[in-house]
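Reader: Could we go through this structure together? I would like to begin with how one chain is divided.

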Amino acid sequence: MKNKSLSFWLFMTPTLVALALVVFVPFVYGFIYSFSDWNGLHATEFLGLDHYVNLIQSENFLSAIWFTIKFAVVSIVLVNVIGLGLALLVTQHLKVSNLFRTVFFMPNLIGGLILGFIWQFIFVSAFDSAGRLLGWEFLQGWLADPTTGFWGLVILNAWQYSGYIMIIYIAYLEAVPKELIEAADIDGANPFQRFWKVTFPLVAPAFTISMFLTLSNAFKMYDQNLALTGGGPFKSTEMIAMDIYNTAFSENNMAFAQAKAVVFFILVAAVALTQVYYNKKREVDL
Amino acid sequence: MKQKKRNRLILTITGIFLTLLWISPFYLMFTNAFKMKSDIFTNIIGLPKEWTFENFQQAFIDLDFVNSFMNSVIVSVLSVGLLIIFSSMAGYALARNTSKLSGVIFLIFVAAMLIPFQSVMIPLVSIFGQADMLNRSGLIFMYLGFGASLSIFLYHGAMTGISKSLDEAAIIDGANRWQLFWKIIFPMLKPISVTVMILNLIWIWNDYLLPSLVLNAEEATIPLKMFFFFGQYTKQWHLALAGLAIAVIPVIIIYFFAQKHIIKGVSEGAVK
């Protein structure tokens with residue numbers, strides 16, 4: 001198909017137009033207006049870097065970034081460790097492996113909003129009555145303070161996303177040649193060595209993908225945040241995505257929110273690109 | 001041998017324990033949805049003392065479930081249908097055109113995946129609002145724009161497995177590009193179309209934020225309706241849980257029928 005050929009452009013037009021109007025035009029438009037006093041419809045004044053300067057001093061925004069980073073770091077570790085553990089369990093060819101896999105993945109088919117509401121019930125009501133029954137105080141009053149709000153989000157995310165990451169590890173684990181494992185076995189390697197020295201390096205590409213997915217998922221999280229804690233108490237569990245939303249649609253501060261959105265893009269893109277770069281460097285090719 | 005058997009038994013038991021742990025949130029949701037209000041307070045973990053369907057009846061009405069379900073179906077089916085049609089066309093065109101420009105366009109689609117939704121959300125709502133497109137058609141068009149990148153990427157990858165000689169043979173036989181694509185190439189892309197369908201369906205069916213910015217009350221999809229419903233029944237867990245259960249049941253039913261395809265699709269989509 002040639003460039004100039006009509007058919008090439010006919011085949012490309014629908015998606016190109018949609019991508020341009022839905023992603024690129026708003027992206028550029030938003031970037032430009034983040035330097036003005038834009039109110040969502042009109043801008044009258046060019047403000048230069050004003051919003052960006054305010055943003056560095058905005059306590060809400062900084063605490064949202066910090067909260068998101070903490071959440072992302074804990075999530076990456078937990079989700080990948082649990083996800084890999086589940087994948088190893090499911091690939092042992094047990095009679096019930098299929099059932100295990102089905103159940104571990106199930107939360108991912110249901111929207112974050114609904115999952116957040118279900119877990120709100122568990123943390124607030126079920127934890128509370130279990131705490132009363134057992135006399136364990138630490139189970140009471142969940143989601144009412146920043147710490148339990150944080151761990152609530154972490155638990156929900158680990159429960160939901162480990163099953164997703166498990167699927168990726170399974171794909172790579174199943175691609176590891178059996179002969180390699182057997183050869184190591186014959187050479188006298190114990191199961192731990194077999195995993196660490198043979199399987200692990202071959203599964204390295206799965207880490208690239210999984211860490212990237214976990215990280216970007218944690219950074220962009222909104223639905224679960226909204227449904228589980230709503231950002232409360234007093235905005236203490238608000239993540240970046242929610243802070244942007246609230247600045248724009250609750251406080252009606254469009255240009256300032258858009259400046260946050262631009263910074264958010266830079267964060268997400270930088271993290272993603274670095275991650276891919278570093279992981280690519282140490283992958284072992286099969 | 002004995003040791004091996006014992007190890008497998010330990011693994012199986014660990015697995016069963018974890019499986020029970022994993023479904024416990026659903027267990028709590030379903031059992032408590034059948035309880036009376038007072039029963040939830042005193043007996044949260046056990047089965048209902050007295051099973052009641054009243055919560056479900058009330059939640060079903062308050063969620064306007066038939067309507068919101070149909071709204072979700074309309075949006076999801078149309079969006080996913082358009083995504084399959086237009087992304088497969090673009091993936092094919094990009095794979096068969098080896099020029100520099102084609103490579104650049106492909107890179108632009110891939111780069112768009114780096115842009116998080118919140119970065120374009122505010123201007124998107126503003127622009128579509130000014131064009132009077134904050135409605136269902138606008139939403140479907142937006143899903144085409146947001147979903148195209150990954151879908152094209154997957155179709156583009158699948159095209160490498162389809163020989164160019166097929167194109168040439170069909171052209172010699174007098175077919176034009178349009179006929180060639182739909183009669184010969186598209187049917188061969190069926191496995192990847194299933195993957196594209198599943199990935200987009202999961203995402204669009206469950207999406208809350210975008211519809212909340214775009215749709216009016218009559219067009220509300222399930223997640224949107226759920227948000228208002230839940231807000232109305234804070235602390236009335238018997239009703240709230242019944243509503244959540246109603247939304248979860250259709251998804252779980254479909255999952256148990258199509259789980260092989262779904263897990264395969266997710267795996268392919270993520271690994272590529």
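**Domains and core**

Author: In this predicted model, the C-alpha centres of domain 1 of chain B and domain 2 of chain B lie 34 Å apart. The bounds, 2–52 for domain 1 and 60–271 for domain 2 of chain B, come from an automatic or database domain assignment.

Reader: How many residues of domain 1 of chain B are in contact with domain 2 of chain B?

Author: 8 residues of domain 1 of chain B are in contact with 6 residues of domain 2 of chain B; contact requires C-beta atoms, placed from the backbone, within 7 Å.

Reader: Which element gives the largest share of that domain 1 side?

Author: H1(B) does, with 4 residues. Helices are DSSP runs of H or I with at least four residues, numbered from the N terminus.

Reader: Changing topic, which residues touch the most other members of the largest nonpolar core?

Author: They are A:Ile114, A:Met166, A:Tyr169 and B:Leu244, in a core of 157 residues. Such a core joins buried Ala, Val, Leu, Ile, Met, Phe, Trp, Tyr and Cys residues through C-beta atoms within 7 Å, and buried means 20 or more other C-beta atoms within 10 Å of the residue's own. Helix H7 (residues 136–159) of chain B gives the most to this core, 14 residues.

Reader: And what is A:Met166 in contact with?

Author: Beyond neighbours within four places in sequence, A:Met166 contacts A:Gly83, A:Leu86, A:Ala87, A:Val90, A:Phe104 and A:Phe105.

Reader: What about numbering and confidence?

Author: Residues count from 1 along each chain as its sequence is written, and chains are lettered from A and ligands numbered from 1 in written order. Local features need pLDDT of at least 70, side-chain atom pairs count only at pLDDT 80 or more, and totals for chains, interfaces and linings use all residues.

Definitions and conventions
A residue is buried if 20 or more other C-beta atoms lie within 10 Å of its own, exposed if 12 or fewer, and partly exposed in between; C-beta atoms are placed from the backbone. Helices (H or I, at least four residues) and strands (E, at least two) are DSSP runs, numbered from the N terminus. Two residues are in contact if their C-beta atoms, placed from the backbone, lie within 7 Å.
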